[in-house]
Amino acid sequence: FFFRARGASPALARETMNDTEMVEAIAGLGAAEESARFRAAASLYEAGSAAALAATSAWRQDAELAALFTGHPTVGVAVKPETFDKIRQANGSSALADVPPDQDAREFELEFPGNVSLDILTTREPHGPGAIARFLERRGEGIQQVELPVKDVDRATSILRERFSLQPLYPETRQGANATRINFFLVPAPAGGKVL
């Protein structure tokens with residue numbers, strides 16, 4: 001089961017990278033050289049995961065919730081469809097995730113040494129009403145979500161509601177990509193802004 005903290009605001013990434021660095025890192029994911037792709041991925045991963053882990057640090061003080069977390073975060077990067085295709089091709093035409101048809105997303109994963117994990121996301125319908133399309137319209141390409149894997153998404157959701165007074169985006173857990181179970185939360189970031 002996976003719990004995903006979703007929709008990072010631009011403030012999240014700016015804690016460790018500026019706008020120019022963000023643009024360069026996203027472009028770097030489509031570089032011909034593997035070392036350039038790794039450097040770009042590591043920069044994006046650090047920007048997203050560091051801010052998300054800071055925003056959720058209190059969660060790890062709760063013994064029951066901390067015991068539910070497994071693995072490392074995955075940073076979701078939303079890009080335009082043409083950027084998506086270029087990055088995918090540069091990385092060996094990575095397999096597309098099986099995204100539920102009701103969700104406005106195309107997605108694939110990139111894994112690099114050092115537990116650097118990215119989900120590359122784009123909209124199925126540019127300028128449409130879906131979450132990824134709206135994100136790209138408002139904010140442009142950038143870090144869109146940070147995913148935190150857990151053993152039991154329903155229990156993690158309950159704890160966040162009951163003990164942290166956070167309301168999930170969805171009243172109940174729903175299906176995510178590749179048959180994961182997900183829910184989304186908007187969480188204040190320590191340096192301002194919010195992590196969704």
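I take buried to mean under 20% relative accessible area, exposed to mean over 50%, and partly exposed to mean in between. I am working from a predicted model.

**Entry: salt bridges**

I looked up the salt bridges and found that the structure holds seven. I opened with aspartate 62 and arginine 163, whose side chains meet in a salt bridge at 2.9 Å, N to O.

Is aspartate 62 buried or exposed? Its relative accessible area is 14%, so I noted aspartate 62 as buried. Arginine 163 has a relative accessible area of 40%, and I therefore put arginine 163 down as partly exposed.

**Entry: a second pair on H7**

Next I checked aspartate 154 and arginine 181, and their side chains also meet in a salt bridge, 2.9 Å from N to O. Here too the pair links distant parts of the chain: aspartate 154 is in helix H7 and arginine 181 is in strand S7 (residues 181–182), 27 residues apart. Aspartate 154 counts as partly exposed because its relative accessible area is 33%. Arginine 181 is at 27%, so arginine 181 is partly exposed.

**Entry: the network**

Which residue forms a salt bridge with glutamate 162? I found arginine 155, with the closest N and O atoms 4.0 Å apart. Which residues do salt bridges with shared partners join into one network? I listed Asp62, Glu64, Arg155, Glu162 and Arg163.

I then went back to the accessibility of two members. Glutamate 162 has a relative accessible area of 56%, so I call glutamate 162 exposed. Arginine 155, at 25%, is partly exposed.

**Entry: positive phi**

I turned to the backbone with a simple reminder: most residues other than glycine have a negative phi. I traced serine 93 to the loop between helix H5 (81–90) and strand S3 (106–112). The relative accessibility of serine 93 is 43%, which means that serine 93 is partly exposed.

I also noted asparagine 115, which has a positive phi near 60 degrees. Where is asparagine 115 found? I placed asparagine 115 in the loop between S3 and strand S4 (116–122). At 41% relative accessibility, asparagine 115 goes into my notes as partly exposed.

How values were computed. Residues numbered from 1 in each chain as written. Predicted model: local features only at pLDDT ≥ 70, side-chain atom pairs only at ≥ 80, totals over all residues. Heavy atoms only, no water. Helix = DSSP H or I, 4+ residues; strand = E, 2+ residues; numbered from the N terminus. Buried < 20%, exposed > 50% of the residue type's maximum accessible area, 1.4 Å probe, protein only.
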